[in-house]
Structure formats: C-alpha cells, structure tokens
Amino acid sequence: MLDARSPLAVEIMDANPHAYEALVVGGDTPALARELLGAVRPEQLLSGPAASPVAGFAMLAGLWLWHDGLDECHRIVKESPANDAAANDAAANDAAGTFSFWHAIMHRREGDFSNSKYWYARAPGHPVLAILAAQAGALVNQAPSDKQLLRLIASGWNPNAFVDLIESVRENETDPREPLAVQLQRLEWTALWAYCARP
C-alpha cells in the first residue's frame with residue numbers, strides 16, 4: 001500500500017538509493033535525514049486520510065529509521081500520542097503495538113538486541129507479523145538450508161529469531177546470509193510502513 005504515499009513521502013523515501021541497507025547503524029543522524037525530515041509533519045505523508053490520528057506519527061518514526069535517524073525515531077515512539085490512549089480501546093492497543101514494533105526495530109538497528117526483543121514482545125499478534133510470515137517464507141526458502149534461517153518462519157514470523165540472525169550476521173562481515181538479512185529488514189520496514197499507511 002505504498003501507493004498511498006504523498007509525493008513528499010515518495011521523495012523522502014527515494015532520496016537515498018542506499019537507504020536502510022545497514023543492519024546496524026551508529027553515530028549521529030545523517031545530514032540528509034535531517035534535511036529531508038527536519039520540518040516534515042505527519043499529515044504530509046499520505047495522499048489521503050490515515051487509518052488513525054497517530055498513524056502519521058508512526059510513519060514519520062519509520063521514515064527517520066529509513067534514513068538512519070535512530071534518535072529522532074526513538075523520540076517519536078517514546079512521545080507517541082498512542083501512549084496516552086486508554087489501554088482498553090482496540091484502536092489504542094493497535095497504535096501502541098505499532099509504536100512498540102517501530103521501537104523494537106530502532107533498538108535492533110542500534111545493536112541493542114535484548115531491548116529490541118523486549119519491544120517486540122510488546123507487539124504480540126501484530127497484523128504485520130502475519131504479513132511477514134507469508135512474504136518472508138519465499139525469501140528464506142530460496143536460501144541454502146540453515147537452522148537459524150528456518151527459525152525465522154518455522155511457526156510464523158519470529159521477530160526474536162530475526163534479532164538473533166542480525167546479531168550473528170553483524171559479528172561476521174563476510175556472512176553469506178547478510179544480503180538476505182538486508183532483504184528481510186527492508187521487507188519488515190515496508191510491511192509495517194504500509195500497515196500504518198492503510199486508509
């Protein structure tokens with residue numbers, strides 16, 4: 001559902017052809033990210049109305065992640081309007097799960113793997129997990145047989161197994177699973193962003 005993006009969102013996502021290729025990033029937010037996103041408001045990201053009032057904030061957090069702005073993403077997910085919503089409201093629970101999902105990805109990309117798992121655990125049963133289970137299987141099944149890769153999809157999408165894969169690939173720069181890990185990372189981001197962008 002990336003076709004719901006506004007022209008500005010398309011421009012932001014396409015600005016760097018190598019965006020979101022690094023599995024783990026560190027250091028300051030890249031200048032390009034600040035230039036592209038510094039003045040963007042959530043309501044500017046879609047060509048039509050968002051699924052909820054907080055969806056735009058979730059998409060903005062994701063765009064900061066896309067361009068390696070971990071600090072900015074973290075600030076958005078921590079200060080999310082979803083945090084103020086009533087916990088017994090279904091829409092509030094969905095929003096909180098979505099922000100937890102972005103929070104998990106952000107910590108994984110900074111290399112804080114245990115914290116990433118903590119935040120994934122706060123998004124159990126998120127609808128994007130089913131999407132990932134369906135789409136990641138095709139990628140994983142094309143790879144040479146590997147127990148760690150099979151853990152990713154053995155019982156649906158396993159985000160903790162993905163964190164473990166990223167951690168092990170990161171420790172070995174010549175790991176042949178690195179290109180697949182990047183593909184899966186981009187698939188995860190795209191599925192979650194599209195979920196936020198749904199009408």
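1. The largest cavity is lined by Ser52, Val54, Ala55, Ala58, Asp94, Ala95, Thr98, Phe99, Tyr195, Cys196 and Arg198. The elements that contribute two or more residues to this lining are helix 3 (55–66), helix 5 (90–110) and helix 10 (178–197). A cavity is a set of points on a 1 Å grid, over the protein atoms alone, where a 1.4 Å probe fits but cannot get out, and lining residues have an atom within 4 Å of a point. Helices are DSSP runs (H or I, at least four residues), numbered from the N terminus.

2. This is a predicted model, in which local features need pLDDT of at least 70, side-chain atom pairs count only at pLDDT 80 or more, and totals for chains, interfaces and linings use all residues. Residues are numbered from 1 along each chain as its sequence is written, and side-chain values use heavy atoms, with hydrogens and water left out.

3. The structure holds one cavity of 30 Å³ or more. The space in the largest cavity is about 80 Å³, a volume being the space filled by probe spheres set on the grid points, which are joined across faces, edges and corners. Helix 5 gives the most to the lining, with four residues.

4. The largest nonpolar core has 65 residues, of which Leu65, Phe101, Trp102, Leu152, Trp157, Leu184 and Trp189 touch the most other members. Helix 10 supplies the largest share of this core, twelve residues. Such a core is a set of buried Ala, Val, Leu, Ile, Met, Phe, Trp, Tyr and Cys residues joined through side-chain atoms within 4.5 Å; buried means under 20% relative accessible area (1.4 Å probe, protein chains only).

5. How many aromatic pairs are there? The count comes to eight, where rings of Phe, Tyr and Trp (its six-membered ring) pair if their centres lie within 6.5 Å, and planes under 30 degrees apart count as stacked, over 60 as edge-to-face and the rest as tilted. Tyr20 and Trp189 form a tilted pair, 6.2 Å centre to centre with 55° between the planes. Tyr20 lies in the loop between helix 1 (7–14) and helix 2 (31–37) and Trp189 in helix 10, so the pair ties together parts 169 residues apart in sequence.

6. Trp66 and Trp189 also form a tilted pair, at 4.5 Å centre to centre and 45° between the planes. Trp66 is in helix 3 and Trp189 in helix 10, 123 residues apart. Both Trp66 and Trp189 are buried. Ring pairs join Tyr20, Trp66, Trp102, Trp189 and Trp193 into a cluster.

Definitions and conventions. On a 1 Å grid over the protein atoms alone, a cavity is a set of points where a 1.4 Å probe fits but cannot get out, and a pocket is an open set with protein on both sides within 12 Å along at least five of seven lines; lining residues have an atom within 4 Å of a point. Buried means under 20% relative accessible area, exposed over 50%, partly exposed in between (1.4 Å probe, protein chains only).
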